[in-house]
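Please read the following explanation alongside the sequence and the three-dimensional view.

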Amino acid sequence: MTSPSDGRSKLFEQGHALVIGTGGDLPITVTDAKGIAKVLKDPERCAYPEHQVQVLVGEQATRPNIISSLELLADSTNAESTVIIYYSGHGYRLT
């Protein structure tokens with residue numbers, strides 16, 4: 001996002017994101033998640049503040065970490081916030 005008056009980048013302060021790539025037998029999911037996070041933080045593209053883009057990939061993408069990150073996201077946003085939750089992976093059901 002560029003300011004029309006001075007050409008300098010301006011951060012999208014209300015932008016928040018949680019980006020998850022599970023990895024494991026799907027290593028491309030980590031690559032995808034890192035790529036999405038990079039675009040979100042790019043000052044010439046989405047310009048999300050770096051500290052407002054949480055990235056969980058591979059062994060970090062556990063259920064407890066995801067839940068904790070969702071709670072942090074809920075606590076750090078308000079009615080004016082824009083939130084993206086990106087998940088790349090697969091799941092299964094325990095019976």
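The protein exposes about 6500 Å², of which carbon and sulfur atoms supply 54%; accessible areas here come from the Shrake-Rupley method with a 1.4 Å probe, and for residues only the protein chains shown count as cover. This is a predicted model, in which local features need pLDDT of at least 70 and side-chain atom pairs count only at pLDDT 80 or more, while totals for chains, interfaces and linings use all residues. Residues are numbered from 1 along each chain as its sequence is written, and side-chain values use heavy atoms, with hydrogens and water left out.

Of the 95 residues of the protein, 31% count as buried, where buried means under 20% relative accessible area, exposed means over 50%, and partly exposed lies in between (1.4 Å probe, protein chains only). The protein contains two helices and three strands, and from the N terminus on these elements follow the order β-α-β-α-β. Helices (H or I, at least four residues) and strands (E, at least two) are DSSP runs, numbered from the N terminus. Among contacts between residues at least 6 apart in sequence, 68% join residues at least 24 apart, a contact being heavy atoms within 4.5 Å.

The three strands form an open sheet with the order β2-β1-β3 and parallel pairing, and two strands are said to pair if DSSP finds at least two bridges between them. The edge strands are β2 and β3 (82-88), each of which pairs on one side only, and the twist averages 5° from one strand to the next. Between β1 and β3, which pair in the parallel sense, there are seven bridges, and leucine 18 has isoleucine 85 in β3 as its bridge partner. Between β1 and β2, which also run parallel, there are five bridges, and here valine 19 has valine 55 in β2 as its bridge partner.

Helix α1 lies across β1, β2 and β3 and runs at about 165° to β1, while helix α2 (residues 63-75) lies across β1, β2 and β3 and runs at about 175° to β1. For these angles, axes are lines fitted to C-alpha atoms, for helices over the stretch in contact, and angles run from 0 to 180 degrees between N-to-C directions.

In soluble globular proteins, nonpolar side chains tend to be buried together. A nonpolar core is a set of buried Ala, Val, Leu, Ile, Met, Phe, Trp, Tyr and Cys residues joined through side-chain atoms within 4.5 Å. The largest one here has ten residues in all, including Phe12, Val19, Leu40, Tyr48 and Val57. At least two residues of this core come from each of β1 (15-21), α1 (28-41) and β2 (53-57), and the largest share, four residues, comes from α1. Another core, of six residues, lies apart from it and has Leu18, Leu56, Ala61 and Leu73 among its members. Valine 57, a member of the largest core, is in contact with Gly21, Val30, Ala33 and Lys34 when its neighbours within four places in sequence are left aside.

Histidine 16 is found in strand β1 and is buried, with a relative accessible area of 7%. Not counting residues up to four places away in sequence, the residues that histidine 16 touches include Tyr48, Gln52, Leu73, Ser76 and Val83.

The loop between α1 and β2 holds two further residues to look at, alanine 47 and glutamate 50. Most residues other than glycine have a negative phi, and most peptide bonds are trans. Alanine 47, although not a glycine, has a positive phi of about 60°, and it counts as buried at 0% relative accessibility.

Glutamate 50, by contrast, is exposed, with a relative accessible area of 58%. Its side chain meets that of lysine 41 in a salt bridge (3.9 Å, N to O), a term that stands for a side-chain nitrogen of Lys or Arg within 4 Å of a carboxyl oxygen of Asp or Glu. Lysine 41 is partly exposed, with a relative accessible area of 25%, and the structure holds one salt bridge. Glutamate 50 and alanine 37 are 13 residues apart in sequence, and their C-alpha atoms are 9.0 Å apart in space.
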